[in-house]
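Please bring the sequence and the model up on your screens. I will go through some side-chain contacts and then a sheet.

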Amino acid sequence: MEVFAVIAVLVILLLVGCLKVVPQATEFVIERIGKYKRTWSAGLHFLIPVVDRIAKKVTLKEQVLDSPPQPVITKDNVTMQIDTVVYFKVFDSNLFTYGAVNPISALANLTATTLRNLVGELELDDTLTSRDTINGKMTEILDCATDQWGIKVNRVELKNIIPPAEIQNAMEKQMKAERDRRETLLEAEGHKAAVITRAEGDKQALILAAEGERDARIARAQGEAQAILLAKKAEADGLAALKAAGVDEAVLILKKYEALVAMSNGRASKIIVPTDAVNMAKENVMFSETTGIGDVTPPAAEPAPQVKPDPCCEDKE
């Protein structure tokens with residue numbers, strides 16, 4: 001009984017050991033008697049002992065191949081150090097297992113040779129400014145070449161491009177000269193803009209001054225016109241008041257004469273008096289002499305009385 005129990009335990013342990021669990025994003029390549037049998041995906045599987053074996057465990061996650069810097073010669077014979085980064089994943093575990101002895105090493109060597117071929121067709125300046133073009137071409141070439149290995153190349157990036165020291169010094173001098181040129185252009189443009197702005201400001205100042213002088217003259221002219229209008233209106237109102245008071249034509253003619261006299265006061269002016277004004281003045285003078293009204297000549301002074309001497313006082317003296 002003990003022997004049968006031991007055998008049963010060994011059989012159970014053997015069966016348990018034949019149960020295999022495949023993790024997520026992983027595949028197992030199974031061989032039966034040295035020949036490819038099947039590919040296990042994620043889950044629980046049973047492995048027949050002695051007959052079946054796990055040939056390779058393949059991860060389906062995206063992987064990164066970081067190649068070290070390698071010398072690359074450009075079309076104009078400049079040697080540069082360039083390193084690349086390749087992002088890839090396995091899409092067929094069978095091809096990845098049996099397509100190449102070492103697929104990762106094969107991919108690294110293929111990346112290096114492809115990079116040398118592409119950069120060898122470009123000059124230094126084109127290499128430095130055409131990273132996207134080189135990345136796209138390398139991705140396309142590597143993806144097509146690694147299909148037989150079960151590898152899908154998703155992206156290739158040029159990590160670093162290191163030119164020789166003398167080239168770097170020349171590039172730094174060129175960059176400094178370019179920056180100095182841009183600085184000079186910016187200063188010239190700034191000075192030009194300042195001069196233009198100042199000229200525009202002076203122009204606007206002159207325009208505003210001219211507009212101000214024009215507005216002042218217009219205001220003065222309007223004020224003078226308003227004053228003349230008010231004076232004429234006052235004169236018209238005065239004449240209307242005189243007419244309403246019943247003043248006859250003779251008084252009006254006399255007022256005109258007085259106005260003419262006031263106009264000629266203090267001036268060497270020649271005034272032509274109308275005939276009707278002269279006649280009216282004569283009539284007023286005759287009327288004043290006859291009636292005495294309007295006569296402003298003062299009367300003659302009366303003689304002072306003579307004082308008679310006092311005889312008494314003279315005798316006393």
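Glu-178 counts as partly exposed, because its relative accessibility is 28%. On this scale buried means under 20% relative accessible area, exposed means over 50%, and partly exposed is in between, with a 1.4 Å probe and protein chains only. This is a predicted model, in which local features need pLDDT of at least 70 and side-chain atom pairs count only at pLDDT 80 or more, while totals for chains, interfaces and linings use all residues. Residues are numbered from 1 along each chain as its sequence is written, and side-chain values use heavy atoms, with hydrogens and water left out.

What does Glu-178 meet in a salt bridge? The partner is the side chain of Arg-181, at 2.4 Å from N to O. The term salt bridge stands for a side-chain nitrogen of Lys or Arg within 4 Å of a carboxyl oxygen of Asp or Glu. Arg-181 is partly exposed, with a relative accessible area of 43%. Both residues sit in helix α6, residues 165–245, and because they are 3 residues apart there, about one helical turn separates them. Helices here are DSSP runs of H or I with at least four residues, strands are runs of E with at least two, and both are numbered from the N terminus. Arg-182 joins in as well: Glu-178, Arg-181 and Arg-182 are linked in a network of salt bridges.

Glu-213 is partly exposed at 38%, and Arg-220 is partly exposed at 46%. By the salt-bridge rule, the count comes to 11.

Next, the aromatic rings. Searching the whole structure gives 1 aromatic pair. The rings belong to Tyr-36 and Tyr-98; their centres are 6.0 Å apart and their planes stand at 80°, so this pair is edge-to-face. The rule pairs rings of Phe, Tyr and Trp (its six-membered ring) if their centres lie within 6.5 Å; planes under 30 degrees apart count as stacked, over 60 as edge-to-face and the rest as tilted. Tyr-36 is in strand β3 and Tyr-98 in helix α2, residues 93–98, so the pair ties together parts that are 62 residues apart in sequence. Tyr-36 is partly exposed at 32% relative accessible area, and Tyr-98 is partly exposed at 39%.

Two strands pair if DSSP finds at least two bridges between them. Strand β2, residues 26–32, pairs with β5 over 7 bridges in the antiparallel sense. Within that pairing, the bridge partner of Glu-27 in β5 is Val-58.
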